[in-house]
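Take a moment to turn the model around on your screen before reading on. We will walk through it together, one region at a time.

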Amino acid sequence: MSVRTLRINGIDVAVESGTSILAAAKQAGITIPTLCHLDGVSDVGACRLCLVEIQGSNKLLPACVTEVAEGMDIQTETPKLQEYRRMTVELLFSEGNHVCAVCVANGNCELQDMAIAVGMDHTRFPYRFPDRDLDVSHPQFGIDHNRCIFCTRCMRVCDEIEGAHVWDVAQRGAAVRMITGLNQPWGEVEACTSCGKCVEACPTGAIFRQGSTVAEMQRDRSTLEFLVTAREKKEWTR
Ligand code: SF4
Ligand code: SF4
Ligand code: FES
């Protein structure tokens with residue numbers, strides 16, 4: 001095991017090589033804002049909330065997919081980063097249809113929490129009001145595409161933990177969309193085991209349990225944590 005020594009917000013940190021800046025910061029007790037990161041599944045660097053400044057580089061780099069290097073001097077909370085994070089959250093709100101007052105996840109939503117954390121009370125960008133639909137063909141769950149922020153957490157848990165690979169990303173740019181199966185209604189996808197991992201993983205009210213009404217949807221992320229730990233420690237009984 002080789003060790004890398006670096007500084008994060010002026011704190012000296014020593015971590016194993018290959019560690020992400022996000023994980024190194026966590027070890028040093030520093031929390032970097034994230035939305036697409038989910039402990040236990042691979043990182044994709046999709047949301048750009050975790051951008052950090054590294055001395056000597058004029059680029060902002062995502063902490064979740066950037067590995068530490070010897071001697072790095074990292075800042076995670078500069079005014080520039082705070083401004084970028086706020087703008088990113090504003091863009092997420094203007095890009096979809098996030099009407100918190102009528103959302104199942106109101107009060108239990110990571111996007112809403114992030115807006116509060118970055119001090120966002122309005123968006124400076126025009127709302128796009130995209131015309132998106134809802135799929136409630138699954139007997140237990142549903143997806144409201146209006147509230148999807150394309151973090152792909154659902155896709156990664158379903159693929160990497162459940163092994164079912166029901167979710168995929170289709171199209172690009174403004175037309176991007178999470179699909180189930182080969183763009184079939186979710187209820188028709190035979191690969192879905194109805195395990196509910198995607199429901200627990202979704203940070204917003206996009207994927208929900210049927211029958212949940214406004215502000216009723218709570219998530220138990222510890223279920224996912226348990227599954228990941230059990231898999232890593234080979235605690236399965238069969
Ligand atoms: S319920 Fe389980 S198997 Fe079905 S889509 Fe969600 S994570 Fe995949
Ligand atoms: S449905 Fe939820 S978990 Fe999946 S990409 Fe959209 S916001 Fe992320
Ligand atoms: S948490 Fe790093 S880009 Fe989303």
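Two residues are in contact here when they have heavy atoms within 4.5 Å of each other. Keep that in mind as we go, and remember too that this is a predicted model.

Let's begin with the whole chain. The protein chain holds six helices and 10 strands. Along the principal axes, its C-alpha atoms fill a box of roughly 55 × 55 × 30 Å. How does the radius of gyration of the protein chain agree with that of a compact globule? A compact globule with 238 residues would have a value near 18 Å, and the protein chain has 19 Å, so the two agree. Of the 238 residues, 47% count as buried. Contacts tell us about the fold as well: among those with a separation of 6 or more, 61% join residues 24 or more positions apart.

Now find the start of the chain. Strand S1 (residues 3-8) pairs with strand S2 (residues 11-16) in the antiparallel sense, over six bridges. Within this pair, threonine 5 stands opposite alanine 14 in S2. The hairpin of S1 and S2 has two residues between the strands, and asparagine 9 takes a positive phi near 50° there.

A second place to look for strands is further along. Strands of a sheet pair through backbone hydrogen bonds, either parallel or antiparallel. Here three strands make an open sheet in the order S6-S7-S10, with antiparallel pairing. Strand S6 (134-135) and strand S10 (207-209) are the edge strands, each pairing on one side only. Between S6 and strand S7 (residues 141-144) there are two bridges, in the antiparallel sense. Aspartate 135 has isoleucine 143, in S7, as its bridge partner.

Next, go to helix H2 (residues 79-95), where you will find arginine 85. Is arginine 85 buried or exposed? Buried means under 20% relative accessible area, and arginine 85 has a relative accessibility of 4%, so arginine 85 counts as buried. Which residues is arginine 85 in contact with, leaving aside its neighbours within four places in sequence? They are Ile32, Pro33, Leu49, Leu51, Thr76, Glu77 and Val118.

What about nonpolar residues? In soluble globular proteins, nonpolar side chains tend to be buried together. The largest nonpolar core in this model has 39 residues, and those touching the most other members are Leu35, Val89, Leu111, Val166, Trp167, Trp186 and Ile207. Two or more residues of this core come from each of H2, helix H3 (110-117), S7, H4, H5 and S10. A second, separate core has 18 residues, including Ile54, Ala63, Cys64 and Val68. Leucine 111 is worth a look: leaving aside neighbours within four places in sequence, leucine 111 is in contact with Leu35, Val89, Leu92, Phe93, His98, Ile149, Pro203 and Thr204.

Finally, visit the two ligands. Around ligand 1 there are 14 residues, of which Cys158, Cys192, Cys195, Gly196 and Cys198 come nearest. Helix H4 (153-162) and helix H5 (197-201) each supply at least two residues of this shell. By class, the shell has nine nonpolar, three polar and two charged residues. Ligand 2 is surrounded by 13 residues, and the closest are Cys148, Cys151, Thr152, Cys154 and Cys202. In the shell around ligand 2, 11 residues are nonpolar, two are polar and none is charged.

Terms used
Residues are numbered from 1 along each chain as its sequence is written. Chains are lettered from A and ligands numbered from 1 in the order in which they are written. This is a predicted model: local features need pLDDT of at least 70, side-chain atom pairs count only at pLDDT 80 or more; totals for chains, interfaces and linings use all residues. Side-chain values use heavy atoms; hydrogens and water are left out. Two strands pair if DSSP finds at least two bridges between them. Helices (H or I, at least four residues) and strands (E, at least two) are DSSP runs, numbered from the N terminus. A residue is near a molecule or strand if one of its heavy atoms lies within 4 Å of it. Ala, Val, Leu, Ile, Met, Phe, Trp, Tyr, Cys and Pro count as nonpolar, Asp, Glu, Lys and Arg as charged, and the others, Gly among them, as polar. Buried means under 20% relative accessible area, exposed over 50%, partly exposed in between (1.4 Å probe, protein chains only). A nonpolar core is a set of buried Ala, Val, Leu, Ile, Met, Phe, Trp, Tyr and Cys residues joined through side-chain atoms within 4.5 Å. The radius of gyration is taken over C-alpha atoms; the globule rule is 2.2 Å times the number of residues to the power 0.38.
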